[in-house]
There are 2 protein chains.
Amino acid sequence: MISKKMQMLVQNNSVIRAMFEEGKRLAAIHGVENVFDFSLGNPSVEPPEEVKNAIVDIINNEDPISIHGYMSNSGYEDVRATIAKSINEKFSTAFTQNNIIMTVGAAGGLNVILKTLLNPEDEVITFAPFFGEYRNYVANYEGKLVIISANTIDFQPNLQEFKDKITSKTKALIINSPNNPTGVIYSEETIIKLSEILREKQKEFGTNIYLISDEPYRELAYDNIEVPYLTKYYANTIIGYSFSKSLSLPGERIGYLVIPDQVADYENIISAANIATRILGFVNAPSLFQRVIARCLDAKVDIDTYNRNRELLYSNLLSYGYECIKPEGAFYMFVKTPIEDDVEFCNLAKKKNILIVPGSAFGCSGYVRIAYCVAYKTIEKALPGFKALIELVQ
Amino acid sequence: MISKKMQMLVQNNSVIRAMFEEGKRLAAIHGVENVFDFSLGNPSVEPPEEVKNAIVDIINNEDPISIHGYMSNSGYEDVRATIAKSINEKFSTAFTQNNIIMTVGAAGGLNVILKTLLNPEDEVITFAPFFGEYRNYVANYEGKLVIISANTIDFQPNLQEFKDKITSKTKALIINSPNNPTGVIYSEETIIKLSEILREKQKEFGTNIYLISDEPYRELAYDNIEVPYLTKYYANTIIGYSFSKSLSLPGERIGYLVIPDQVADYENIISAANIATRILGFVNAPSLFQRVIARCLDAKVDIDTYNRNRELLYSNLLSYGYECIKPEGAFYMFVKTPIEDDVEFCNLAKKKNILIVPGSAFGCSGYVRIAYCVAYKTIEKALPGFKALIELVQ
């Protein structure tokens, strides 16, 4: 009785989420301390103290009808103005509240902007490896996801193939840097070249191609590496931001879209995105957390914790003989599997109570994603398992 | 550059939301105390004290990683179990956590269930007058909304026309009682007859027809009128509940779906609804408020305040010569316009700084909706305007 589209999805449910559920099942059997769940990007670092203080202060001192009530579908004006000001200070931009739409996380924001832009059969390009949900988000609006194959040398995007695959039907490109699943940050050089290609192809086809930057991991960059702010490189850029990782609030579903004035058809896009927020059933981003994050725009989670995890896992996996690019951001490591079949490798890992996700879920088989946003101890206790796994198959 | 579908929507944006924005504009000119905004169903009664206490207690005493983190897309198991138990106690049902999916309000829940069920061209029936967003929700999944014309005698559904319009393509019926915009509660007699028609037609066509009950106003029933719990009358019932009005939390986007075991294709529906929650970009209902509402299932907003508003507005409008059914629930009054053109009447009202919504937005022209979830004083101050309006056109 369910729809045909959903029948397909029920059969091929998200590997990541299935692994998350599997983790809970195994934890019930073996005890949570003996299951090493690297499957989900669920932050292991507490939200900064500012979050708690903001919640308590707002609840105690602001008007409850206002803080829990409806507001414009795009969000509270003052919250949007505060966010615009904060972006301007950090990146020398010139946004106002009219460039910001509050969203139900980055996932909500991507759905809003894709609903806004896509006609059936429009093409949306993304670079493998990519967050597998892009498939569903694009399919929700009958678009066609065009995947550029992975450059497994350094996991910067494959720009030649990108150039070749842009057509007159290309409506958007989604990029994600720091990247899930590789942890790679797209360099400024990459961004400049990519922008040039986009401009060239817009001219060739007489179209507008929107660059949608999915940025939940912007604040998680190690070794002071800079993450370029894309609106400065390419006019038709729309940014989807989330506080899920920057403030460790993934369950609260709070983020925003930046839609700059210079984006082609700005007026219609901003109106349509406001309406899309409403009719997709979001209605608005959760109200209390809009007010909370507005007070926490300079707060930071303790990224050193993730960095220690990164160093521990990376150095040990390398010493066991695994091949892997050292991640520069986010909290994922994308590791070449010592056997060709990544799904099979994940099944072997599961027998050691290690839960990881096959690269094929990200459009790049032969790799696995390890989400190291876990306790340091979990990594320590899982290391013998990783060692045994590579010995097993060598 | 925006999609063709969104172009249409930008041109015909929600009258209700446009009125809400207009209210803010007028308030800036005339002062908020001189604008009488009856346009939006935004609760004017504070959330019960239990909400604040729950927030503060959870924030102070529970693990911040857990309360703000990801959980299953369907929501926290313990929250769902608590909700099931509470429904069972109130309505002698036998639900478990496996019948509950936490949603981003009722709007999120309706989108999840429609995404789950609808194939393109499937028909979804609703009774006029109806919440205009049903049009968009059904269109999101390429379904066709079939509208049963209003029975303006008592605003109970027109069951003969309903019976005639069910076809082999009818996938669902959406009902909403207490009703927006009329405030009418569908009687048990209505529900019994309606269920009989559904069963008969299921048999005739060899199909399953899902009854989707949109219940944000369940707790707002006056004079101790009972609102029938629909799963007890018809097996293929799915309930969409929201805490927006019952706890005055519309901005927080928190509600749930009830999908009983006896619903046809239960296993697939529950799996698909879980996936739809994820891929539509909700990911999960906001985490903190899942935990908050689980502690407030017996808390109630002060419905007497709405009741006083109802009595004041109803008795005075009648004394001026307006025609109107006395609402039994919710916080809306659906009033016959003294001139035929309801849009024109709303424009006349706007000149008196009274913001109301034309009935045509609800599929029933010749009426206006007055949302009386405002301050008592606002009604008192608006009454001369309502009086002048009817005198103006008589």
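## Close-up views of a predicted two-chain model

**View 1. Surroundings of helix α7 in chain A.** In this predicted model, the buried residues of α7(A) pack against α6 (105-117), β3 (123-127), β4 (144-148) and β5 (170-175) of chain A, and also against α10 of chain B. Helix α7(A) covers residues 133-140 and is mostly covered, with six of its eight residues buried. Those buried residues are Glu133(A), Tyr134(A), Asn136(A), Tyr137(A), Val138(A) and Asn140(A). After α7(A) comes Glu142(A), which has a positive phi near 60°.

**View 2. Contact between chain A and chain B.** Chain B and chain A each bring 68 residues to the contact. On the side of chain B that touches chain A, at least two residues come from each of α1 (4-11), α2 (15-30), α3 (49-61), α4 (64-67), α6 (105-117), α7 (133-140), α10 (266-279) and α11 (287-294) of chain B. The largest share of this side, eight residues, belongs to α10(B). By residue type, the side of chain B that touches chain A holds 34 nonpolar, 24 polar and ten charged residues.

**View 3. Crossing of helices α6 and α7 in chain B.** The axes of α6(B) and α7(B) cross at roughly 35° and come within 9 Å. This crossing of α6(B) and α7(B) is right-handed. From α6(B), the contact is made by Ala107(B), Leu110(B), Asn111(B) and Leu114(B); from α7(B), by Glu133(B), Tyr137(B), Val138(B) and Asn140(B). Five residues of the contact of α6(B) with α7(B) are nonpolar, two are polar and one is charged.

**View 4. The seven-strand sheet of chain B.** This open sheet of chain B has mixed pairing and the strand order β2-β8-β7-β6-β5-β3-β4. Strands β2 (100-103) and β4 (144-148) of chain B are at the edges and have a single partner strand each, so one side of each has no neighbour in the sheet. From one strand to the next, the twist averages 20°. Helix α5 (residues 77-91) of chain B packs on the sheet and touches β2 and β8 (255-258) of chain B. The direction of α5(B) makes about 115° with that of β2(B).

**View 5. Strand pairs β5-β6 and β3-β4 in the sheet of chain B.** Four bridges join strand β5 (residues 170-175) of chain B to strand β6 (residues 210-215) of chain B in the parallel sense. Opposite Leu173(B) stands Leu211(B) in β6(B). Strands β3(B) and β4(B) also pair in the parallel sense, over five bridges. Glu123(B) has Lys144(B) in β4(B) as its bridge partner. Strand β3 (residues 123-127) of chain B is mostly covered, five of its five residues being buried. On one side of β3(B) are Glu123(B), Ile125(B) and Phe127(B), and on the other are Val124(B) and Thr126(B); both faces are covered and these residues are all buried.

**View 6. The four-strand sheet of chain B.** Four strands of chain B form an open sheet with antiparallel pairing, in the order β9-β10-β13-β12. Its edge strands, β9 (323-324) and β12 (357-358) of chain B, each pair on one side only. Strand β10 (residues 332-336) of chain B pairs with strand β13 (residues 367-371) of chain B over five bridges in the antiparallel sense. Val335(B) is opposite Val368(B) in β13(B).

View 7. Leu257(A) is part of strand β8 (residues 255-258) of chain A. With 27 other C-beta atoms within 10 Å, Leu257(A) is buried, because the cut-off for a buried residue is 20 or more. Apart from neighbours within four places in sequence, the contacts of Leu257(A) are Ile101(A), Thr103(A), Gly109(A), Val112(A), Ile113(A), Ile238(A), Ile239(A), Gly240(A) and Ala273(A). Ser74(A) is 183 residues from Leu257(A) along the chain, and their C-alpha atoms are separated by 9.6 Å.

**View 8. Chain A as a whole, for orientation.** Chain A has 14 helices and twelve strands. Its radius of gyration is 21 Å, close to the 21 Å that the globule rule gives for 394 residues, so chain A is as compact as a globular protein of that length. The C-alpha trace of chain A spans about 60 × 55 × 50 Å along its principal axes. Of its 394 residues, 53% count as buried. Among the contacts in chain A with a separation of 6 or more, 74% are between residues 24 or more positions apart.

Notes:
Residues are numbered from 1 along each chain as its sequence is written. Chains are lettered from A and ligands numbered from 1 in the order in which they are written. This is a predicted model: local features need pLDDT of at least 70, side-chain atom pairs count only at pLDDT 80 or more; totals for chains, interfaces and linings use all residues. Two residues are in contact if their C-beta atoms, placed from the backbone, lie within 7 Å. Ala, Val, Leu, Ile, Met, Phe, Trp, Tyr, Cys and Pro count as nonpolar, Asp, Glu, Lys and Arg as charged, and the others, Gly among them, as polar. Axes are lines fitted to C-alpha atoms, for helices over the stretch in contact, and angles run from 0 to 180 degrees between N-to-C directions. A crossing is left-handed if the near helix is turned anticlockwise from the far one by less than a right angle, and right-handed if clockwise. Two strands pair if DSSP finds at least two bridges between them. The radius of gyration is taken over C-alpha atoms; the globule rule is 2.2 Å times the number of residues to the power 0.38. A residue is buried if 20 or more other C-beta atoms lie within 10 Å of its own, exposed if 12 or fewer, and partly exposed in between; C-beta atoms are placed from the backbone.
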